[in-house]
Amino acid sequence: MSASSSAKSGINFGRYILYTLLALFCIYYLLPLYVMVVNSLKPLSEITSGGMMSLPQELTFAPWQNAWSKAQVGVEATGLRPYFINSIQMVVPAVALSTLLGALNGYVLTKWQFRGSTILFGLLLFGCFIPFQIVLIPMARMLGLMGLAGSVPGLIFVHLVYGIGFSTLYFRNYYAAFPTELVRAAQIDGAGFFTIFWRILLPSSGPIAVVCIIWQFTNIWNDFLFGASFSDFDSQPMTVALNNLVQSSTGVKEYNVHFAGAIMAALPTLLVYIVAGRYFVRGLMAGSVKG
Amino acid sequence: MGFLDIKNATKSYGAVKVLHETNISIEEGEFLVLVGPSGCGKSTLLNMIAGLEDITSGEIAIKGRSMNGVKPAERNIAMVFQSYALYPNMTVKGNISFGMEMHGMPKEQREPRIAQVADLLQISHLLDRKPGQLSGGQRQRVAMGRALVREPDVFLFDEPLSNLDAKLRVDMRTEIKKLHQKLGTTIVYVTHDQIEALTLSTRIAVMFGGYVQQLGTPKEIYDDPANMFVAGFMGSPSMNLFPAKIVAGANGPAAEVTLQAGQTAQIPFANGAMSSHEGREIILGLRPEAITDKDGADRNSQSVHIVECPVEVTEPAGSDTFVVTQIGGKDVTGRFRADVNVKAGETFPFAFNMEKAVVFDPKTEDRIR
């Protein structure tokens, strides 16, 4: 009796230490976010006077308005809004297309295997691990030839090409665990190649689609190198614009505006995680355990 | 020419031949069971009939029309899979109507057929559920409903009962048989369970190693096996196969067998059979029900012979007691009456019904007649 209760209190004590540690780590990781939010809501004078960590004495939303629509980004004082729109215009089609093509690839590579399909998959995987820097110059030439240089469609194309490797990997592993008998049953029922894909496989791909979308969205939204390399002033994505905002050498450095801009740039990925995050782990598990 | 004709059909994967020249022809309304251990080529043959796998050489014809190169959807067949293969994202109703939808049948024509099939299989109350919400037996019914609703020429069943528990399997077996009697459709059914094969079929093809070992009615397969594989595979408990020698006995040719402790005994063949094979070493095959206690022996048989054998094990099984002795170094099981008083270790008279005896060549394993 006494032995068991002491063991129990021992566990409790261990738990307290554990939770304290976890709480500390949590604070540690959330601290940057706190600094960003707090400083984006106070006048510049409060920051420059040394109050980085303190809560705002005078609450103001002016830095947000500034960052969004007034700040000097590059040549004109447009704020980040047009670049945010550029990023949305780039990320939505790029994510949708790369996910869809990845699903189609995964379907073909698992259910319609052909001679050399394994090698093809290997090459696609290899494509995932080619460093971005290597393709910069060939890609620039390609975009030039295609007439897509310095445009949002050009960026969509680049991200699509880079995204297919990963999205194919996700869907191939997911569909490998998908019973082939279902495909055969559908064949006997008279469904064709695309009908089987649309009606049978895609509706069952929820978890892995979420994983793929989160992954692609985060990568494409956060990309800087391609955005900096392949865009013009009017097609720059958010990341590049944020850099221009922060790096601009004219006038005073408005840290509060910079903080607000940085939060704006990070917000969409954060939102995607919050909305779809709980499917993320589930989808990863489904792919890995059964595949 | 039959309703379903398989002519010299073969299947190879590269250099590996998984199905050798196969010839099977069945009439409309027949229930053909392909039975054999795993890897015998039975599922491959079924998939070839379905069109899910190509035929390497030969021909498969349904209703006299060659099916080589015809898509599965255009063969007018329906298939029930081992895993049922129900579309997980569709309701039961969606599953059943999918095939008709794909064949371009308008909705008003689909509805009455769905209702009719659902009624037949007693799944009307399940139509709006998803497959994930169904039990194994219900999924099985839905899978059959999906096949039935198409009104195909040939039904293909790929081990449809092997995912069910033992009791449900027996129930569904009866139900499939009832369904076949009611609808009179042509069925090709793959199983590894020889009891399913014997109970359901009008004809059985026993397969092994990519060859059809024997094609015949259940009775032919059971009573008159073509070789030792068929003899040993069909029937439960399986046929006793033990070495013997054909000798000239007092009443015509007899099988001389070695009992335990080196004793020999002679069991005369029925009706003077095997007279031309005297002196030959053979494998004698007798089913457990042909080895009984004296009072349990077949009264109509003219050729029951009593041999005193030492009892090794008794296995009471409720309706019968299986009694094991050793002949020629092999365990030989007899099916005795349940209340027979026999104990392990003692010697007991075994009655051999030699009218049921079959004889095999020990080398080729083929039947000697």
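User: Which ring does the charged end of B:Arg287 sit over?

Analyst: This is a predicted model, where local features need pLDDT of at least 70, side-chain atom pairs count only at pLDDT 80 or more, and totals for chains, interfaces and linings use all residues. Side-chain values use heavy atoms, with hydrogens and water left out. A charge sits over a ring if NZ of Lys or CZ of Arg is within 6 Å of the ring centre and within 35 degrees of the ring normal. Here the ring belongs to B:Tyr222, and the charged end of B:Arg287 is 3.8 Å from its centre. B:Arg146 also lies over a face, that of B:Tyr87, at 4.8 Å from the ring centre.

User: How do I read a pair of rings?

Analyst: You look at the distance of the centres and the angle of the planes. Rings of Phe, Tyr and Trp (its six-membered ring) pair if their centres lie within 6.5 Å; planes under 30 degrees apart are stacked, over 60 edge-to-face, the rest tilted. Over all chains there are 28 aromatic pairs. In one of them, A:Phe132 and A:Phe226 have centres 4.5 Å apart and planes at 10°, so they are stacked.

User: Is A:Phe226 buried or exposed?

Analyst: Buried means under 20% relative accessible area, exposed over 50%, partly exposed in between (1.4 Å probe, protein chains only). A:Phe226 is buried, at 0%, while A:Phe132 is partly exposed at 31%. A:Phe226 also pairs with A:Tyr162: the centres are 5.4 Å apart and the planes at 45°, so that pair is tilted. A:Tyr162 is buried too.

Methods: Residues numbered from 1 in each chain as written. Chains lettered and ligands numbered in written order.
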